[in-house]
Amino acid sequence: MRIIVQKFGGTSLSTSQAKEHVIQHIKRERDNGYAVVVVVSAIGRRGDPYATDTLLDQLQPYGHAIDLKERDMLLSCGELISATLIGAQIRAEGIPALVLSGGEAGIETDEEYGSAKIIAIKPERILKALEAGHVVVVTGFQGMTKHGAVTTLGRGGSDTSATALGAALKAEIVDIYTDVNGILTADPKLVSDAKPIAQVSYAEICHMAREGAKVVHPRAVEIAQQARIPVRIRSTFSNEEGTLVQDAAWEHNEHAVLDRHVTGIAYAKGITQLYVSGTDERKHDPQLIFETLANHQISVDFINVSASHSIFTVQAEQNRIAYTLLQERGFHVLLNDECAKISIIGGGMNGQPGVMARIVAALTKENIPILQSADSNAAIWVLVKEEYMSKALTALHSTFDLNR
Ligand code: ADP
Ligand code: MG
């Protein structure tokens, strides 16, 4: 049996026209000879009646009275609704369908409500239904503990459900359908001439996803990589093939030629830069600085330590507490908030001279100050003020010819 997993995101289910497209994709792959497993997210976005964030908002008045286990019961409803509707629509087309909740589908998780990890998947029930010719529709984003409690998997959870099911079912491919034509060289909402990337490696896409390209969740990609299952990111609204994510030749073959240095650009907003130095009473002490932050679960990035001072970034939500803690220890602290981290990503930039020079030249030409930079063998990061972010993305995008 050749199995395909098709995951449909929230915007792919929100109108009757969109659902019509979903049915067409299911029918096409059945006609291609696949046994089809469909994984669905909740319908729509915050504000739509059954979207995950809308459900979450219902609990807002209750604060500390909220029980996390019960919150997961509420959050899991969005997918139950969308799965039931899609299941009915498939059957209305004359195709036999079976709708399963995460627990019924055999997805067992730990008990970390709100961000549960999948421990095991028992795929027998799905396999039996597929053998019988059914399309199996599974609610994304959720599983069940061994004691039978419903859990949710956290942000991007439906992507994770899809690749984990793909791995457990030994699927030939996992297709993630969304509202864009694949993984693009940058977020099309900010860079209007961003182009779909035909092929990328798991590692590159994990990098992009972790650095803010929210089109697919990095956890989902890691699972696919471990199971060596190719993933396609593609549009619900067209028949184009989108982006194929798989192992890249250049990661295994030192003689392989890669004709691109930069694959894509991602960004993350809401970052604060801290400059911490000593005073007359308290000399600069990096060990005390970073231990203090670690002890309060404050994660730091862009770390740069010198004899006289330390510079690093924290998430904006944690900047006040970081500031207060370090001041209490007697350090001199300066905050630079509303910064954005821009990540220039490419498995092919390793050992290539001049990538940083081009970045600096492109930003300098636009009068965008670089507050900090860092690099690895597959990425270069720059920190700029948020007000310049959009301009910086566009400038870097065209400097590396990603719009061609
Ligand atoms: P879904 O509900 O289908 O899971 P998401 O909102 O999670 O959809 O992901 C799709 C969105 O990801 C797109 O609408 C796009 O704005 C955003 N996005 C950010 N970076 C990228 C990128 N590099 N390529 C494609 N989409 C991106
Ligand atoms: Mg998504």
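Into which domains is the protein divided? In this predicted model, local features need pLDDT of at least 70 and side-chain atom pairs count only at pLDDT 80 or more, while totals for chains, interfaces and linings use all residues. Residues are numbered from 1 along each chain as its sequence is written, ligands are numbered from 1 in the order in which they are written, and side-chain values use heavy atoms, with hydrogens and water left out.

The division gives domain 1 (3-180 + 215-227) and domain 2 (264-399), with bounds from an automatic or database domain assignment. Taken over C-alpha atoms, their centres are 36 Å apart.

Turning to the ligand, 19 residues surround ligand 1, each with a heavy atom within 4 Å of it. Thr-178, Asp-179, Leu-184, Asp-187 and Lys-189 are the closest. By class, the shell holds nine nonpolar, four polar and six charged residues, where Asp, Glu, Lys and Arg count as charged, Ala, Val, Leu, Ile, Met, Phe, Trp, Tyr, Cys and Pro as nonpolar, and the others, Gly among them, as polar.

Ligand 1 alone exposes 580 Å², of which the protein buries 88%, by the Shrake-Rupley method with a 1.4 Å probe.
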